[in-house]
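Subject: Structure handover

Hello,

Here is the structure we spoke about, for you to look over. My notes on it follow below.

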Amino acid sequence: MVKTAYKCLIIYACLLLFGFIATRHIQHLLSLSLLYSLVAIGLVILIGYGGLVSFGQGAFYAIGAYSVGLLLKYYGFQNAEILLVLGVLITTLISFLIGLLAARTRKLAFAMITVAFSMIIYTLLVKFYHITGGTDGLRIPAVKLFGILPVRGRDLFMSMSNEYFIIITIFTIILYITEHVINSPLSYALRAVKDAELKAVSLGISPTRVYILAFTYAGFLAGIAGTLYAFLNAHIDPLIAFWTTSGEFVFITILGGITSIYGVFLASILYLFLKTYLIVYTAYYWQFVIGFVILLLILLAPKGLSGIIFKVYIGRKVFRKS
Amino acid sequence: MLEITLLIIIFLNTLIYSVILALISVGLNMVLGVLKILNLSHGVLLAIGAYLSVTFVRSFLSFGLPIYTTYIALGLAGIIAGIFMGFTVEPIILRRIYERVEIQQLLATFALMLILEDVIKFIWGPQSWMITEPYLYLGNLNIGGISYPLYYVFLMVVGYVILLITYIFLNATKIGRIIRSTAFDREISLALGVDVKRVYTYAFTIGATLATLGGALIAPTISLHPGFSSEYIVLSFAVVVVGGLGDIKGAFIASLIMALARTITVMVFPELELAIIFIIMLLVLQLRPEGLFKGGR
């Protein structure tokens, strides 16, 4: 436990130091990749430990972001901490309800339920444009955290931007909590259900309950990421609920080697920097390069980034179905 | 009188929308049934069919051929695109991932979707394309005072003919029966001497051709822009789920149900136009995860 705390503190110190030297643009990108890795960490629990592939995390991300946007626009909440808590609460509640529906299904049916849910959210966001702003999206003003610190801007020491500071702080706390979750009985029950559901049932584990908890936790993380995204980006649009965004999250999880939360942390940084600079240098053809990389990774290195390292050190061929 | 007109229009809209859904999802379901892969790039095949038909129609017209030949151009574009994609994508990429776990298959086809979308942008550019000549040439139909584009009726008839041909092909020809038996049990078909590899290629090509033909048929009715197909693919997921995974007949009936639900929702509560399809999908996954029609067989 102490070791985990040290690990998180070291990561926090590195991120903090980086904030003093990096330009605002790099800080923005890094913040965004931390948000992506929050969602992907939820997927690590769901896919890596639970074996359930959710193509709907984008919906929870969007629910988090839109809770902030709509609460700001219609109810005039001006405190960032209240918005954050409410946004996360709403998302967690909805992910719990969807978990109730989805946890009875497995494999492709589960993926399909999550796709269906995220598409429902997407179409509602697009079609109820008089409320949600439709495809134009919503603008998020820079509200203040605890009444002093605006969620965007540069009121801190040196080049550190406020949004970066807030995001790395929350990210580190979540990292610490997730380490505990991964070493908790829940996580072991999840692994047992994934490997042998019948055996797990005979040991008194309820697969449905375990899956609901895992799904809710993943939704909770996506909700935090979504609310912070609203603060970070100042503008949100329904495209974040489209199934392709969820596909990106799943890809990052695979790239990070599905069971390693530090793997997905690196993978999301790599992915977002790659994507951003590809857009800068190739304009229209970034998808081609990303797709090509995914395909090569799947065909040649199926265990993801941490798998490549693993392979180099141990030299074992793993992760084949038969 | 007005009620009858309204009913006719609901009926027509349902049939037209269902034929588009059916062309995509029957193909998707066939690939899923035979190859056991959920092909996320299936929607892009539709887009490729649509874009290629733009090129064909444009070049037919620029050669000075009369406008009625553009219908041949549409058909040619659909078939050529489908056969080309079928015989390249399956042997080069899909064949390598049959043994992999589900999530890798999904991700590989997702990657394929991204690649093909940018190939489209590379060939046809990022701007949007329209070919209205085949659409305008047929003019309008007068239904009780409301003018209705005749092209939609044409689309519907041709679409159903294509689906009928596919049905006959799968049920009455030898290769069709082999494809169905491979979908039913791969091992036993292999033991009986079926060249499963070739059957996979054929099944994928037929599925792809259905999608590209669908794309060619809808090309004159919409403005094509990059990424327009990613909505169709999730719609066909919904249809496939409701009809039952791998069940071709189920996919056809499900597309009728979905189209009817959508047409009625458009009239009653237009905001839920697309959401209704996914709500039905969610309900079916909850109540009958194996699809609506699995019990009856």
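**Confidence**

In chain B, confidence is highest in helix α9 (residues 196–218) of chain B, at a mean of 90, and lowest in strand β1 (residues 140–143) of chain B, at 78. The score behind these values is pLDDT, the predictor's confidence in each residue, from 0 to 100. Helices (H or I, at least four residues) and strands (E, at least two) are DSSP runs, numbered from the N terminus. Chain B has a mean pLDDT of 85, with 98% of its residues at 70 or more. For the complex, the predictor gives an ipTM of 0.81 and a pTM of 0.84.

This is a predicted model, in which local features need pLDDT of at least 70 and side-chain atom pairs count only at pLDDT 80 or more, while totals for chains, interfaces and linings use all residues. Residues are numbered from 1 along each chain as its sequence is written, and chains are lettered from A and ligands numbered from 1 in the order in which they are written.

**Chain B overall**

Chain B contains 12 helices and 2 strands. Their order along the sequence is α-α-α-α-α-β-β-α-α-α-α-α-α-α. The C-alpha trace of chain B spans about 60 × 50 × 35 Å along its principal axes. Its radius of gyration is 19 Å, which agrees with the value near 19 Å for a compact globule of 297 residues. That radius is taken over C-alpha atoms, and the globule rule is 2.2 Å times the number of residues to the power 0.38.

Of the 297 residues in chain B, 51% are buried. A residue is buried if 20 or more other C-beta atoms lie within 10 Å of its own, exposed if 12 or fewer, and partly exposed in between, with C-beta atoms placed from the backbone. Taking the contacts in chain B between residues at least 6 apart in sequence, 76% join residues at least 24 apart. Two residues are in contact if their C-beta atoms, placed from the backbone, lie within 7 Å.

**Where the chains meet**

The interface involves 39 residues of chain A in contact with 39 residues of chain B. On the chain A side, the elements that give two or more residues are α5 (107–127), α11 (243–255) and α13 (286–300) of chain A. Of the elements on that side, α5(A) gives the most, with 13 residues. By class, the side of chain A that touches chain B has 28 nonpolar, 7 polar and 4 charged residues. Here Ala, Val, Leu, Ile, Met, Phe, Trp, Tyr, Cys and Pro count as nonpolar, Asp, Glu, Lys and Arg as charged, and the others, Gly among them, as polar.

Ala116(A) is found in helix α5 of chain A. It counts as buried because it has 32 C-beta neighbours inside 10 Å. Leaving out residues up to four places away in sequence, Ala116(A) touches Ala238(B), Phe278(B), Met281(B), Leu282(B) and Leu285(B).

Helix α13(A) has 15 residues and reaches 21 Å from its first C-alpha to its last, close to the 21 Å expected at 1.5 Å a residue. The expected span of a helix is 1.5 Å times one less than its number of residues. Buried residues in α13(A) include Ile290(A), Ile294(A) and Ile298(A). The buried residues of this helix pack against α11 and α12 (261–282) of chain A together with α4 (102–124) of chain B.

Phe288(A) is found in helix α13 of chain A. With 20 C-beta neighbours inside 10 Å, Phe288(A) counts as buried. Not counting residues up to four places away in sequence, Phe288(A) touches Leu114(B), Ile115(B) and Asp118(B).

**Other points to check**

Helix α1 (residues 2–21) of chain A has 20 residues and reaches 29 Å from its first C-alpha to its last, close to the 28 Å expected. The number of buried residues in α1(A) is 2, so this helix lies largely in the open.

Ala234(A) has a phi near 65°, a positive value in a residue other than glycine. This alanine is found in the loop between α10 (207–233) and β4 (235–236) of chain A. Ala234(A) counts as partly exposed, with 14 C-beta neighbours inside 10 Å.

Lys36(B) is not a glycine, yet has a positive phi of about 60°. Lys36(B) is found in the loop between α1 (2–35) and α2 (42–62) of chain B. Lys36(B) is partly exposed, with 15 other C-beta atoms within 10 Å.

Regards
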